[in-house]
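Work through these exercises with the model open. Try each task before reading its solution.

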Amino acid sequence: MFKDITLGQYFPADSVAHRLDPRTKLVLLVMYITAVFIVKDLWVFGLVIAFMLFMTAMSRIPLSYIFKAMKPLKLLLPLMFLLNLFMVRTGTELFAWKFIKITTGGVRQAFFIVLRLIALITGSSLLTLTTTPVSLTEGIERLLSPLKIVRFPVHELAMMMTIALRFIPTLLEEADKIMKAQLARGADLESGNIFKRAKAMLPILIPLFVNSFRRAEELALAMESRCYHGGEGRTRLRKLKFHWRDLFAVLIMGALIAGVILLQKYYSFDSYIAAYVLKLLGKA
Amino acid sequence: MQPTSGKVTVDGFDMSNKKQRAKGRALVGMVFQYPDYQLFDETVYKDISFGPKNMKLSSEEVDRRVREAMRLVGLDFDEFAEKSPFELSGGEKRRTALAGIIAMYPKYLVLDEPMAGLDPAGRRAVLEMISEFRSQLGCAVVMVSHSMDDIARSADRVYVLRDGKIFRSGTPSEIFNNADELNEMGLEPPFASRMASELRRRGFDIPRGIYTNEALTECLAAYGKGADHV
Amino acid sequence: MVSVNNVTFSYENGCNALDGISLTVSDGEIVCIVGHNGSGKSTLAKMFNGLLIPSSGTVTVNGMDTADEEKTLEIRRQVGVVFQNPDNQIVTTIVKEDVAFGPENLGVPTEEMIVRVDDALKAVGMESYADSAPHMLSGGQKQRIAIAGMLAMEPETLILDEATAMLDPMGRRDILNIVKKLNKEKNITVVMITQYMEEAVFADRVIVMNNGHIEMEGTPEYVFSKGDELRAIGLDVPPAVELREMLKKEGVADCGSAMTLEELAEQLCRSLSKN
């Protein structure tokens, strides 16, 4: 039942985005997030959105997969929009009725927050959709490796992530079997109040924990038997290698940030548009 | 677990109907391959009483059943009742898990690979226990196993599943008749039936339907005597 | 060569798991250790590569003492262990990366590692699964991956600690055939710890353990001629021997020391046609 779950929602395809080095992709994500946060002008944000669409096209990920990533936010997004629309009271008043007031600042802020969230989620989903969990872990390990100097356990952290990824499907399957075993003994998991239900989960959680500890012990023995002794002197089966495309991708992303900064410095589209809208409403 | 299509009924209770399912479940006792999936409580006594308690039986009745179940699986009450199930040996854990199901007095006892991972003495003991339940509690036993020798020793009827379909069904002697077919499926027929088929290949006239050492020995004895007369 | 010299081991709760064991495993040999649950055979398995250190006595691998921490890595490279539960010895999410785990720890250069991983996967017949996820494989396939993981470290000795106990008959047959092939073709020494007597038939030597000491030792022919003694300590004989004993007892035929189906059929043919 849990056997076919995919972890980290990797979408196999052959695209430039898939072939980029995972380290590059992590750096790109950081740069992209920076771009998203330095944008102060709603119209310059259009540039970021255009770039986001460009990246999606390059990754050959169907849009439906991006929407899927958005799904958990389907309540949060409208809520954030409305909250900002009504609560932010800066700029000129556009509309007022009893205690409800809409201002230009509110409209801006509402659009901003929603666009930012969408841009961030799309960006990070693109990373996990185009990168296998294994190479992602490896990318993180390599990128953070300078931190070893300050005794940050980079290798151990990566090893933990790998083992977690390896055992999540196994544990889910086990939880499923335990649940069936206890249901067969007449365990009632579905009725009663929250405390009763929490208590009813014990017959499932205890065997799951006990088994996990035993698993961990056996895994440790198996790893030791295979000469595991920490990250020291370890080589890797896969060597990560930078290509020209990695440099190219970073340059393009750099151009985006530069573009955002320059556009914002010399033009302020927002103020033009705001003035125009106000004129239309006859409030100027 | 629910079927994707079709209907499972237990004594007429439709298992896809939520209300009837509970009644159906009460009739079926299910023992899984690993006792670790089931044991959770502080003491063996409490663990075995989990099922009967869920059946809302009186505490005297629960106590009586736990004692009886422990006796049936061969766990000494004074020695084990207050022990933690987690400090038991593998064989003792399996007995405790079995007792937990037996104490519910199931009409049908379903055992999923009950012998897996046990040593020869453990396997013998479990097989003996199962036939004991049958005679003492009168429950029907359904055993899921890929150990054909165990099945040969205990079953009245055998179903062979292949790719989710019932491939063959019949008495053990009907099923184990065709040793080569089972072999091809990756199942290992009982030794005696493999032997019978090997001897047949070597030109011996061994009657079909032999799957126990006893029957084969008897047949070979007759064969030897028959040869003497010629 | 692995030698165990007068080894005693007791767990924290004070019970003696091993009680003065001595044995030697020579290069290229297949040794089978049988015993009931709790006879100490798994404790012994963990002694061979220094996962456990004897309370008294010594275990040496090619002259290296397992108690010497500086030798631990080399000992573990030379002595590979495959454990019972296939799920609990696979570390990563892709088959070939898991096979590479040992060589990675040993610091084998990447180019050589690629060759080793390929060879190891071929040796166990799993080369077409190199990029699969381990949790999608069957138990028998997982154990083959575990064996490949050991082979990639190029060990001299392979210990199988009840490695077939959780497998179905087909998986068990596969593992046995692979092990026999590795012994024959690569001259890998094999120590098999098992509860299935029929697996011991192929060994050069069988060691029977009971309550922490060696109860019996010898060729399979010798050990399995002692059926009653084996049963007395919770063990059994292989099915062919069981039938052989019955045939003899009933006076049907004396089939000598036949231990497999083929041998027994052969002997039966001879003795019955003689009549």
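**Exercise 1.** Is C227(A) buried or exposed?

*Solution.* This is a predicted model. The cut-off for buried is under 20% relative accessible area. C227(A) has a relative accessible area of 0%, so C227(A) is buried.

**Exercise 2.** Find how many disulfides the whole structure holds, then check C255(C).

*Solution.* Start with the general point: a disulfide is a covalent bond between the sulfur atoms of two cysteines. A search over all chains finds zero disulfides. Now take C255(C), which is in no disulfide. Its nearest cysteine sulfur belongs to C269(C), 9.9 Å away. The cut-off for a disulfide is 2.5 Å. C255(C) is also buried, at a relative accessible area of 1%.

**Exercise 3.** Work out the strand order of the open four-stranded sheet in chain C, and name the strands at its edges.

*Solution.* The order is β2-β1-β4-β5, with antiparallel pairing. Next, look for strands with a single partner: in chain C these are β2 (16-25) and β5 (64-65). Each stands at an edge, so one side of each lacks a neighbour in the sheet. Then examine one pair. Strand β4 (residues 56-61) of chain C joins β5(C) over two bridges, in the antiparallel sense. Within β5(C), M64(C) stands opposite V61(C).

**Exercise 4.** Identify the residues that touch the most other members of the largest nonpolar core.

*Solution.* This core has 55 residues. L121(C), I147(C), V208(C) and F224(C) touch the most other members. Helix α6 (residues 139-151) of chain C gives the largest share, six residues. A second, separate core has 41 residues, including V66(B) and L88(B).

How values were computed: Residues numbered from 1 in each chain as written. Chains lettered and ligands numbered in written order. Predicted model: local features only at pLDDT ≥ 70, side-chain atom pairs only at ≥ 80, totals over all residues. Heavy atoms only, no water. Buried < 20%, exposed > 50% of the residue type's maximum accessible area, 1.4 Å probe, protein only. Pairing = 2+ DSSP bridges. Core = buried A, V, L, I, M, F, W, Y, C linked by side-chain atoms within 4.5 Å.
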